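Have a look at the structure first, then read on.

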Amino acid sequence: TKAHVDACMDGAELNAFITTTFELAMDQAKASDARRASGEVGKLEGAPLGIKDLFCTEGVKTTAGSKILGDFTPTYESTVSANMKADGMVMLGKLNLDEFAMGSSNETSHFGPVINPWRNGEDLVPGGSSGGSASAVAADLCLGATATDTGGSIRQPASFTGTVGIKPTYGRCSRWGTVAFASSLDQAGPIAKTVRDSAILLESMAGYDPKDSTSINADVPDWVGACGQSIKGMRIGIPKEYSIDGMPADIQALWDNGIEMMKAAGAEIVPISLPHTKYALPAYYVVAPAEASSNLARYDGMRYGLRVDGKDLTDTYELTRTDGFGDEVRRRIMIGTYVLSAGYYDAYYLRAQKVRTRIVQDFENAWESCDAILTPTAPSAAFAVGRKVSDPVQMYLNDIFTVTTNLAGLPGVSVPAGLDQNGLPLGLQIIGRAMDEATVFKAASALE
Ligand code: GLN
């Protein structure tokens with residue numbers, strides 16, 4: 001299945017890493033060898049991994065893909081990467097991403113686009129925003145990587161690169177030390193080669209953290225043990241609203257094939273309805289920019305990163321933010337401040353929050369008749385670099401199947417499930433009940 005991976009392309013051409021930390025990696029590897037020799041073996045002992053450049057890493061530059069944090073070196077470590085270090089990770093570097101994780105193609109990064117190792121005669125995007133993570137894992141530059149998912153940024157790049165990506169339940173992984181995009185939607189998770197690898201990584205990344213007020217105080221279950229378990233009798237819901245107008249034939253065929261695989265593994269297929277699905281994307285593109293506009297207010301040239309001095313304080317703010325933020329980030333700030341402004345709050349922000357409640361209720365109703373939900377991950381395979389970059393609405397439409405789980409806080413995984421007519425990878429998504437990643441891992445294994 002790797003026939004289309006161009007073996008001539010070396011890692012540097014993919015532009016997957018913003019910063020490499022090979023010297024640090026050697027030190028970590030030596031320390032890991034020493035621990036191994038003394039019989040102490042962590043969950044990630046010696047595993048060469050990459051970290052999305054949205055997770056703060058102590059003493060290692062953390063840019064969030066933005067010029068405004070282009071020279072920012074944190075003095076602290078995110079909880080997720082600290083957990084992984086404690087489990088013996090060897091960190092190879094910081095992975096490229098869309099600026100502040102805003103995007104679906106990794107083309108909004110200040111550090112240039114990431115290229116997908118899968119090719120079709122031209123350079124393709126790896127998806128986004130975790131494009132560096134997905135591309136690096138697909139090209140075997142690292143064994144696995146961290147990623148974040150606010151509206152699909154783990155699952156859609158996994159789908160575009162033939163990798164596995166899971167977004168756990170909101171609150172499973174601490175947000176502490178991860179650069180914020182939209183705090184009520186942001187959730188960390190891994191991108192890996194196999195379902196089992198993703199379970200190993202998630203077991204390390206997840207866990208209660210008193211430093212994040214939305215962190216869930218619950219033990220991390222044995223997700224690795226759930227992988228490969230039988231799904232006999234499991235009820236798999238197929239939501240009719242995900243059969244969107246203009247669904248490409250090969251995506252529909254992939255979905256049908258996934259349904260057959262589930263049946264063959266002993267699952268029961270149940271037609272379900274999630275009636276408010278069509279409002280999810282517009283609601284997401286109100287809520288996410290609203291929260292982003294608030295979170296990004298901190299980049300004022302005083303506290304972090306870039307400062308462009310002006311004639312007074314206000315002028316310094318303006319010059320710094322004008323120089324430091326790219327087009328997509330500015331677009332989000334403008335949308336976000338507009339929908340939160342006094343005259344429009346009720347019409348946009350409040351209404352979007354009401355839609356969000358309906359979407360939560362849709363899923364609650366669905367769980368009465370099914371245990372997991374199967375859908376395509378994205379409405380297309382990887383597209384050419386440059387194709388959608390000047391049309392934000394086309395870009396946003398790529399998130400149509402992924403944003404619902406973020407709005408509802410549910411776990412969702414993308415598993416490679418086949419190739420399109422051009423030989424490019426496509427993923428299927430499994431959505432589970434809140435806190436029931438175990439069922440998601442079981443069902444995902446049945447598609448491998
Ligand atoms: N593509 C979506 C956006 O641009 C989701 C990004 C994400 O999940 N970080 O907002």
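The report below covers confidence, overall fold, the annotated domain and the ligand surroundings.

The chain has a mean pLDDT of 95, with 98% of its residues reaching 70 or more. The stretch to treat with care is residues 1-9, where the pLDDT is below 50, although this stretch still has 13 contacts in the model beyond near neighbours in sequence. Where pLDDT is low, the predicted coordinates should not be read in detail. As for the overall scores, the model has an ipTM of 0.98 and a pTM of 0.97.

## Overall fold

The chain holds 15 helices and 11 strands. Its radius of gyration is 21 Å, close to the 22 Å that the globule rule gives for 448 residues, so the chain is as compact as a globular protein of that length. The C-alpha trace spans about 70 × 65 × 50 Å along its principal axes.

Inside the chain, 53% of the 448 residues count as buried. Among contacts with a separation of 6 or more, 75% come from residues 24 or more positions apart.

## The annotated domain

An unreviewed UniProt entry carries the annotation "domain: Amidase" for residues 11-440. This span is 36% helix and 14% strand, and its end C-alpha atoms lie 32 Å apart.

## Around the ligand

Which residues come nearest to the ligand? Of the 13 residues around it, they are Ala101, Ser104, Thr150, Gly151 and Ser153. Sorted by class, the shell has 7 polar, 4 nonpolar and 2 charged residues.

Terms used: Residues numbered from 1 in each chain as written. Predicted model: local features only at pLDDT ≥ 70, side-chain atom pairs only at ≥ 80, totals over all residues. UniProt positions renumbered as here; feature names shortened; annotations may be inferred. Helix = DSSP H or I, 4+ residues; strand = E, 2+ residues; numbered from the N terminus. Near = placed C-beta within 6 Å. Nonpolar A, V, L, I, M, F, W, Y, C, P; charged D, E, K, R; others polar. Rg over C-alpha atoms; globule rule 2.2 N^0.38 Å. Buried ≥ 20, exposed ≤ 12 C-beta atoms within 10 Å, placed from the backbone. Contact = placed C-beta atoms within 7 Å. pLDDT = per-residue confidence, 0-100.
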